[in-house]
Amino acid sequence: MGSSSASSKDDFSVLVLASDLGIDARPFLTHQEPEDSWYDCTSDPPPSEEQDFAHLDSLQFLRLESGSDKLGNRVFRIVGKYFPALVISAEQLKKYVFNKICTELPEGPFCIVYMHSTVQKEDNNPGLTILRWIYEELPSDHKDRLQAVYFVHPGLRSRLVLATLGRFFLSGGLYWKVKYVSRLQYLWDDIKKGELEIPEFVQKHDEILEHRPLTDYGIEPDPLHLSQMPPSAYSIGRHDTGWASRQYMS
């Protein structure tokens, strides 16, 4: 009986994740708080956290816009390129997101505009499992108030990951709220111009995609930019006696 009791206390579980799926396993390997330990929006954060939040605010990767979409939903803008994933832990990100939602977001529905332009996986991506963990920790009221997630400039890899793993790692409610926006011109179908500030580099990236649409699918048709080189003054023509240089003729 004693050995049986001791073995029951030493029970453990094993979780196996494929290493090539690009999934951050840290939330699965660290201690998780009970599901009902939500962030208390009525309590004030300690001064030290306020200082950390001020530093994160200066990065501008997450901010509440003054405008709304055409359905009247307030807009939270997320710029992926501004997020320093290498120096912010999952717990810090969670506290910051909850603080922004609880202190700045007014009552009523809201939406998220996420700009994926020029995001680097190693530098700017917190991981799909961390994002899922943060979303699941939100009170149900805030989940219901989130109406849409506009995913601007999704790359081929992002589409594949969400298409294959999204239903498993994102709750059903969030998965069906994601709307892909390949060009800014399509974003204006849902949000009027002027309601949302677009960073300059996002606009330039949009122009590049407009002229080279294959880059949406990970294909660079002109990687050496040869089409931008000036034409040569001479061309090579073939004569009966062999190859010779001749004056270029238009």
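Visitor: Which residues of α4 meet α6, and which in α6 do they meet?
Guide: Ala-90, Glu-91, Leu-93, Lys-94, Val-97 and Phe-98 in α4 meet Ile-130, Trp-133, Ile-134 and Glu-137 in α6. Contact means heavy atoms within 4.5 Å. The contact residues divide into seven nonpolar, no polar and three charged. Here Ala, Val, Leu, Ile, Met, Phe, Trp, Tyr, Cys and Pro count as nonpolar, Asp, Glu, Lys and Arg as charged, and the others, Gly among them, as polar.

Visitor: What kind of model is this?
Guide: This is a predicted model: local features need pLDDT of at least 70, side-chain atom pairs count only at pLDDT 80 or more, and totals for chains, interfaces and linings use all residues. Residues are numbered from 1 along each chain as its sequence is written, and side-chain values use heavy atoms, with hydrogens and water left out.

Visitor: Back to the helices. At what angle do α4 and α6 pack?
Guide: About 40 degrees, with the axes 10 Å apart. That makes α4 oblique to α6. Angles under 35 degrees count as roughly parallel, over 145 as roughly antiparallel, 65 to 115 as roughly perpendicular and the rest as oblique. Axes are lines fitted to C-alpha atoms, for helices over the stretch in contact, and angles run from 0 to 180 degrees between N-to-C directions.

Visitor: Is the crossing left-handed or right-handed?
Guide: The crossing of α4 and α6 is right-handed. In that case the near helix is turned clockwise from the far one, by less than a right angle.

Visitor: How many residues does α4 have?
Guide: α4 covers residues 90-104, 15 residues in total. From first C-alpha to last, α4 reaches 21 Å, close to the 21 Å expected at 1.5 Å a residue. The expected span is 1.5 Å times one less than the number of residues. Helices (H or I, at least four residues) and strands (E, at least two) are DSSP runs, numbered from the N terminus.

Visitor: Which α4 residues are buried?
Guide: Among them are Leu-93, Tyr-96, Val-97, Phe-98 and Ile-101. Buried means under 20% relative accessible area, exposed over 50%, partly exposed in between (1.4 Å probe, protein chains only).

Visitor: New topic. What is phi at Thr-118?
Guide: Near 55 degrees, a positive value in a residue other than glycine. Thr-118 lies in the loop between β3 and α5. At 31% relative accessibility, Thr-118 is partly exposed.

Visitor: And where is His-153?
Guide: In the loop between β4 and α8. Phi of His-153 is near 60 degrees, also positive. His-153 counts as buried, at 5% relative accessibility.
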